[in-house]
Amino acid sequence: MILVTVGMQLGFDRLIRAMDEIAPELGMPVIAQTGKGTYQARNIKTLESIAPSEFDKLIRETRLLVAHAGIGTVLTAQKFGKPLVLFPRRASFGEHRNDHQLATVGQLDGRPGIGVAYEEADLRAAIAKGLESEMGGVASDLAERRSRLTAAVERFIRSGEI
Amino acid sequence: MTKVLAAASAGGHWEQMMLLRPMLEQFDVHFATTHPDLPKRAGITNATILPDCNQNQPLKSLMCLVAAARLVLRFRPDVVISTGAAPGFFCIALARLIGARTLWIDSVANAEQLSMCGKLSRIFSTRCITQWEHLERDGRPGFAGSLL
């Protein structure tokens, strides 16, 4: 199964439409959390919002996550060790108030288990690559960045120093 | 025991705060967010739910500001930390007025420039940090690692 999510708020019809078109070639079910979109999909199962606990259940079963470049989604994919294809929202299409998702994917492109599709035409290849990739827990450099920040926040709480 | 208020809006802000949770729980921590499902899902029973708002919603922002003030006056935190967004910033700005030490952690979503609240927190918070080394500027914001 492939799980598609655009987060719980803003719709993102461009991604849902693209996935609806690709779905028949994938040979596995596709389930999408669409937010407040208007596009009516024919080939994939769509839900406007999925309750967090239900979402956790689905993500355990999924082979790949295809998503907008929201940080919540990226952290969730990492937590469950799932490969991820990111498709950034663009301000020019009215999909977000600015292009910060483009900046996010620019920084994340090439990280283990993360693929980026900048345009609809890139999705097929990114999905094929994502389905082949194996994610093995949290990469060690990520663990190091995290523990450094966690230690700094703890120091701040105790002493006011970072 | 040090009283810590940890404020994070729904979505990525909250997910980032939850990564800090095991460390925060050494202290007397109280969580605040904007969606009741999130603390419930995490098994946190006593979180405060603040009304969500952004800079384009003056009335909602005012309601959020009042709710944040009530929370800060009731809990009287020694330390406030926030990973964003506007509701967390209100907690930081208000808690500073009652002498709390405050830390703004700009969301890792802001890879190109600090968020609007992040920029304000350079003035209003005790310390602020970015999660992207290339945005660090003379310690304000500082850089001290990243959750992503």
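How many helices and how many strands are there in chain B? Chain B has five helices and seven strands, where helices (H or I, at least four residues) and strands (E, at least two) are DSSP runs, numbered from the N terminus. The model is predicted, so that local features need pLDDT of at least 70 and side-chain atom pairs count only at pLDDT 80 or more, while totals for chains, interfaces and linings use all residues. Residues are numbered from 1 along each chain as its sequence is written, and chains are lettered from A and ligands numbered from 1 in the order in which they are written.

**View 1. Chain B as a whole.** From the N terminus on, the elements of chain B follow the order β-α-β-α-β-α-β-α-β-α-β-β. The C-alpha trace of chain B spans about 40 × 35 × 30 Å along its principal axes. A compact globule with 148 residues would have a radius of gyration near 15 Å, and the 14 Å of chain B agrees with this; the radius is taken over C-alpha atoms, and the globule rule is 2.2 Å times the number of residues to the power 0.38.

**View 2. Strand β4 of chain B and its neighbours.** Six of the six residues of strand β4(B), residues 79-84, are buried, a residue being buried if 20 or more other C-beta atoms lie within 10 Å of its own, exposed if 12 or fewer, and partly exposed in between, with C-beta atoms placed from the backbone. Strand β1 of chain B (residues 3-8) runs parallel to β4(B) and is joined to it by five bridges, and two strands pair if DSSP finds at least two bridges between them. In this pairing, B:V4 stands opposite B:V79. Strand β5 of chain B (residues 101-105) also runs parallel to β4(B), with four bridges between them, and there B:L103 is the bridge partner of B:I81.

**View 3. The contact between chains A and B.** Chain A gives 26 residues to the contact and chain B gives 32 residues, where two residues are in contact if their C-beta atoms, placed from the backbone, lie within 7 Å. On the side of chain A that touches chain B, the elements that give two or more residues are α2 (52-61), α3 (71-79), α4 (100-108) and α6 (140-159) of chain A. Of these, α6(A) gives the most, with 10 residues.
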